[in-house]
Amino acid sequence: MEIGSGKGEFIALNSQFHPEQNFIGIELKNKRIVTTLKKLDILKHPNVRLWNKFIDSEITSVLSPDSIDQIIIYHPDPWPKKRHHKRRLFQHNFIDTLYYLLKSGNYLHISTDCPDYAEWIKTVFVESKDFINMSQQGYTDIIPENHCLTYFDRLQATLGFEPLFFLYKKI
C-alpha cells in the first residue's frame with residue numbers, strides 16, 4: 001500500500017517489477033489520481049488499484065486487520081507552520097490505523113525532506129510503542145537500495161532539500 005501516491009512513479013514502476021503482488025495506491029487529490037492513471041496500463045498493471053480516500057479509523061470497516069504486507073509513505077505534506085501541525089498526517093490515530101493494517105513483523109517505509117517533520121515523525125512513533133525504529137538515529141539520509149526516485153525527490157533536491165528515510169517494523 002502506498003499512501004499518498006503523488007504522481008504515481010512508485011506504484012507504476014514497482015507493480016511491473018512485482019507482478020505477483022497487489023498494489024493499492026491511496027491518494028486524496030483527484031488530480032493526482034488522474035496523473036497516476038496516465039502512467040498505468042490495464043495490461044501492464046493488472047495488480048494495481050487506486051483509491052481516492054483519506055486513511056483513518058474508518059478503513060477498518062473495509063480492510064481486514066493485518067492485511068497489508070508493506071506500507072510506503074513518501075513525502076507527506078509537512079504542514080510547516082505551527083498552527084497547521086494538527087493537519088500533519090502522522091498523528092497518534094493515524095499510527096494506530098497503520099498498526100491495524102500492517103502485518104506483524106512487516107515494514108513501514110517513510111521519507112520526508114523536511115527535518116522538522118522528521119523530528120515530529122520520530123517523536124510520534126516513540127510515543128506509540130507499536131513499531132520498532134530500524135535506524136539507530138531515528139532516520140537516515142542514506143537512500144535505501146529499493147527506493148523509487150519520485151518527482152518530489154527530484155524537485156526538493158533541486159531546492160537543496162535532501163530526503164530523510166525511516167524504516168519501522170510492526171511489533
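Leaving aside its neighbours within four places in sequence, Ser111 is in contact with Ile73, Tyr74, His75, Pro76, His147, Leu164 and Phe165, where contact means heavy atoms within 4.5 Å. Ser111 is found in strand 5, and helices (H or I, at least four residues) and strands (E, at least two) are DSSP runs, numbered from the N terminus. With a relative accessible area of 0%, Ser111 is buried; buried means under 20% relative accessible area, exposed means over 50%, and partly exposed lies in between (1.4 Å probe, protein chains only).

The model is a predicted one, in which local features need pLDDT of at least 70 and side-chain atom pairs count only at pLDDT 80 or more, while totals for chains, interfaces and linings use all residues. Residues are numbered from 1 along each chain as its sequence is written, and side-chain values use heavy atoms, with hydrogens and water left out.

**Nonpolar cores**

In soluble globular proteins, nonpolar side chains tend to be buried together. A nonpolar core is here a set of buried Ala, Val, Leu, Ile, Met, Phe, Trp, Tyr and Cys residues joined through side-chain atoms within 4.5 Å. The largest such core has 29 residues, of which Ile3, Ile71, Ile73, Phe90, Leu98, Leu108 and Phe125 touch the most other members. At least two residues of this core come from each of strand 4, helix 3, strand 5, helix 4 and strand 7 (164-170), and helix 4 gives the most, with 5 residues. When neighbours within four places in sequence are left aside, Leu108 is in contact with Ile71, Ile73, Leu98, Leu102, Phe125, Phe131, Phe166, Leu167 and Tyr168. Another core, of 9 residues, lies apart from the largest one, and among its members are Phe10, Leu40, Tyr74 and Cys148.

**Salt bridges**

Side chains of opposite charge can pair when their charged atoms come close. A salt bridge is counted when a side-chain nitrogen of Lys or Arg is within 4 Å of a carboxyl oxygen of Asp or Glu, and by this rule there are 6 salt bridges. The table gives some of them.

| Pair | N to O distance |
|---|---|
| Asp69 and Lys103 | 2.7 Å |
| Arg88 and Asp116 | 2.9 Å |
| Glu119 and Lys122 | 3.5 Å |

The salt bridge of Asp69 and Lys103 links distant parts of the chain, since Asp69 is in strand 4 (residues 68-74) and Lys103 is in strand 5 (residues 102-112), 34 residues apart. Asp69 is partly exposed at 47% relative accessibility, and Lys103 is also partly exposed, at 31%.

The pair of Arg88 and Asp116 likewise links distant parts of the chain, with Arg88 in the loop between strand 4 and helix 3 (92-101) and Asp116 in helix 4 (residues 115-128), 28 residues apart. Arg88 is buried, with a relative accessible area of 2%, whereas Asp116 is partly exposed, with 42%.

Glu119 and Lys122 are 3 residues apart in helix 4, so they are separated by about one helical turn. Glu119 is partly exposed at 33%, and Lys122 is partly exposed at 22%.

**Residues with positive phi**

Most residues other than glycine have a negative phi. His75, which is not a glycine, has a positive phi near 55°; His75 is in the loop between strand 4 and helix 3 and counts as buried at 14% relative accessibility. Lys129, also not a glycine, has a positive phi of about 65°. The place of Lys129 is in the loop between helix 4 and strand 6 (131-133), and Lys129 is exposed, with a relative accessible area of 62%.
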